[in-house]
Amino acid sequence: MPSNSQKQVQRLYRQITAELEAAATHSQVAAEHMGASDIARACAHGMAVAGHVRKAERMLGEVAEIHSGKAKA
């Protein structure tokens, strides 16, 4: 049976996946807008990419902190 920390890490990995999938979708849309010379929309979606990646990075940091509390030196 998974421990509470394992369940927490599992939840975080699922959230990380969702954020990175959202980032990938925004990246595709940004590329389409750039190809259509719609620079403003491309940049808006590019900023959404950055936001989703930053959220994923913060969550990955949480995973690392949880792991550091369990790791043996």
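Ser-37 counts as exposed, at 60% relative accessibility, where exposed means over 50% relative accessible area, buried under 20% and partly exposed in between, with a 1.4 Å probe and protein chains only. Ser-37 is found in the loop between H1 and H2, and although Ser-37 is not a glycine, its phi is positive, at about 60°. The helices named here are DSSP runs (H or I, at least four residues), numbered from the N terminus. The model is a predicted one, in which local features need pLDDT of at least 70 and side-chain atom pairs count only at pLDDT 80 or more, while totals for chains, interfaces and linings use all residues. Residues are numbered from 1 along each chain as its sequence is written, and side-chain values use heavy atoms, with hydrogens and water left out.

Helix H1 covers residues 4-35 and helix H2 covers residues 39-70, and their axes come within 8 Å and cross at roughly 165°; such axes are lines fitted to C-alpha atoms, for helices over the stretch in contact, and the angles run from 0 to 180 degrees between N-to-C directions. H1 is therefore roughly antiparallel to H2, a term that applies to angles over 145 degrees, whereas those under 35 count as roughly parallel, 65 to 115 as roughly perpendicular and the rest as oblique. In the contact of H1 with H2 there are 20 nonpolar, nine polar and five charged residues, with Ala, Val, Leu, Ile, Met, Phe, Trp, Tyr, Cys and Pro counted as nonpolar, Asp, Glu, Lys and Arg as charged, and the others, Gly among them, as polar.

The largest nonpolar core has seven residues, namely Val-9, Leu-12, Ile-16, Ala-56, Met-59, Val-63 and Ile-66, a nonpolar core being a set of buried Ala, Val, Leu, Ile, Met, Phe, Trp, Tyr and Cys residues joined through side-chain atoms within 4.5 Å. H1 and H2 are the elements that give two or more residues to this core, and the largest share, four residues, comes from H2. Leaving aside neighbours within four places in sequence, Ile-16 is in contact (heavy atoms within 4.5 Å) with Ala-56, Met-59, Leu-60 and Val-63.

Two further residues of H1 can be described in the same terms. Ser-5, found in helix H1, is buried, with a relative accessible area of 18%, and, apart from neighbours within four places in sequence, Ser-5 is in contact with Ile-66 and Lys-70. Leu-20, also found in helix H1, is partly exposed, with a relative accessible area of 42%, and touches Val-53 and Ala-56, not counting residues up to four places away in sequence.
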